[in-house]
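Here's a quick briefing on a single structure, grouped by topic. Have a look at the sequence and the fold before reading on.

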Amino acid sequence: MKYAVPRGTKDILPDDTPLWQFIEDTCRETFGLFNYREIRTPIFEATDVFTRSIGYTTDIVKKEMYTFPDRKGRSLTLRPEATASVVRAGLENNLITPDNLLKVYYLGPMFRYERPQAGRQRQFHQAGVEAFGSADPALDAEMIQLSVKLFERLGLKELEVDINSVGCKKCQPAYREALKKYFESNLANLCGDCRQRFELNPLRILDCKEAHCRKYIEQAPAMVDHLDAECKAHFSQVVGWLDHLLVKYKINDRLVRGLDYYTRTAFEIVSKQLGAQNAVCGGGRYDDLVEEMGGKSVPAIGFAAGLERVVEILKAESRQSKIENRIGLFIATIGDEARQVGFHLLTKAREKGISADIDFQGKSLKAQMKAADRLGARYVYIIGDDELKNKSAVLKNMGTAEQKEVSFGELLSVFVK
RNA sequence: GCGGCCAUGGUGUAGUGGUAACACAGCAGAUUGUGGAUCUGUUAUUACGGGUUCAAUUCCCGUUGGCCGCCCCA
């Protein structure tokens, strides 16, 4: 094989596209129900758009971005996620202002240079929403409800919603100190990675899966206990709204997200049906990002769902219900003249909205029938020399094998009714 | 970036140090103008490069890729 897809990318083939289309349609519909409107931003941006928003110390920025100079030497980057792009677009087009509530959604490919693994690719697809202009806890709850509804409509089961609050600029530093103080004495017992995290971002220690680290993590102080009054009130109202909306959730005070811009509410939906990469969706509030990117102070919240992971689950559940791509009519012909007439009828059928096809490989009638069968054609119209004289031919129902004589003129009316 | 496992026709799988087996799919045919059943025939330089050997698909090394885990995240 001379050419192959680049590592970590995949072709989505015709057998799978119906499933993808179902997922995409369901996303659009569900987001629409919650009054989100679609936004489409470029697939690459000036590198700064991502480095400044996602954070210089995150893995994404440090080692996972596809960054390249264009012909004029500008540094561009394939988007590793879409929130930064949406903020940039919203600011540039004056859609994000303190007084305007903006609800947008997006759908599309993202790029991260990582080692491929189950549920992890270098090009992958996300569907996400962002809401700007409100710090209302009800909005946080609505967004979590939206993500749950989305997966419900997609038909996913066995999901768990985890939520936490990571505090804000004011109270998070104190919590970091508290964590450092706690881990300091046990530093020698932690794994090498955690010792690094201790310096760079102690919050991430909470995420460590090493068994011997977990012993210490369990006893570590929780962010929830270190929130300032406002963050605490916000979090309890989010939880209150979730209860009111009957959304099931689990407070997970060890939940930490990997992007630097999150504040207050952080949430994740994980599936028990996936491997190590088990999050189907993650998101949270980012009240400082808009200002950091040059806008006024505008609170915001969003989440993104990983579509490959949804596909993986739906395939495993084989719940895709074989969304078949059948055609309505196949026109089988014998001889050149019949083919010309057949092609004419084919055109008319298509004009009437009937999906239809004809042979292009010079096949025998038998082989044409076989081809029609494989295409799942509901009907085959068989035209030969005799039929040309009578302007009438046999229409065969491929399901029942019934045949009846139908004139050229009547053919389409049979389908219309 | 690190570790483990793996790499045979379109697909899924056998197998052996001496030039590849099976299933399914595909194509062609089994009386002349008709599909889905059956039968027959047909479809592979055994990922790439190098090494050991009289001889490698089978052994060794490297490369590339895949899967799984770490990391990280969706």
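I43 sits in the loop that links β1 (37–38) to β2 (44–46). Keep in mind that this is a predicted model.

**The surface patch**
- I43 counts as partly exposed, because its relative accessible area is 34%, and partly exposed covers the range between under 20% (buried) and over 50% (exposed).
- Together with F44 and F68, I43 makes up a nonpolar patch on the surface, and the three share about 240 Å² of accessible area.

**The sheet and its helix**
- Three strands form an open sheet in the order β2-β4-β3, and the pairing is antiparallel.
- β2 and β3 (66–69) are the edge strands, each pairing on one side only.
- On average, neighbouring strands here are turned by 30° against each other, ignoring direction.
- Four bridges join β3 to β4 (residues 75–78) in the antiparallel sense.
- Y66 has L78 in β4 as its bridge partner.
- Helix α2 (residues 47–54) lies across β2, β3 and β4, and runs at about 80° to β2.

**The loop at L245**
- L245 is found in the loop between α9 (229–244) and β8 (250–251).
- With a relative accessible area of 27%, L245 is partly exposed.
- Leaving out residues up to four places away in sequence, L245 touches A141, E142 and Q145.
- L245 and Q145 are 100 residues apart along the chain, yet their C-alpha atoms are separated by 7.7 Å.

Definitions and conventions: Residues are numbered from 1 along each chain as its sequence is written. Chains are lettered from A and ligands numbered from 1 in the order in which they are written. This is a predicted model: local features need pLDDT of at least 70, side-chain atom pairs count only at pLDDT 80 or more; totals for chains, interfaces and linings use all residues. Side-chain values use heavy atoms; hydrogens and water are left out. Patches are made of residues with over 30% relative accessible area and no salt bridge: like charges are joined within 9 Å, nonpolar side chains (Val, Leu, Ile, Met, Phe, Trp, Tyr) within 5 Å. Accessible areas come from the Shrake-Rupley method with a 1.4 Å probe; for residues, only the protein chains shown count as cover. A salt bridge is a side-chain nitrogen of Lys or Arg within 4 Å of a carboxyl oxygen of Asp or Glu. Helices (H or I, at least four residues) and strands (E, at least two) are DSSP runs, numbered from the N terminus. Buried means under 20% relative accessible area, exposed over 50%, partly exposed in between (1.4 Å probe, protein chains only). Two strands pair if DSSP finds at least two bridges between them. Axes are lines fitted to C-alpha atoms, for helices over the stretch in contact, and angles run from 0 to 180 degrees between N-to-C directions. Contact means heavy atoms within 4.5 Å.
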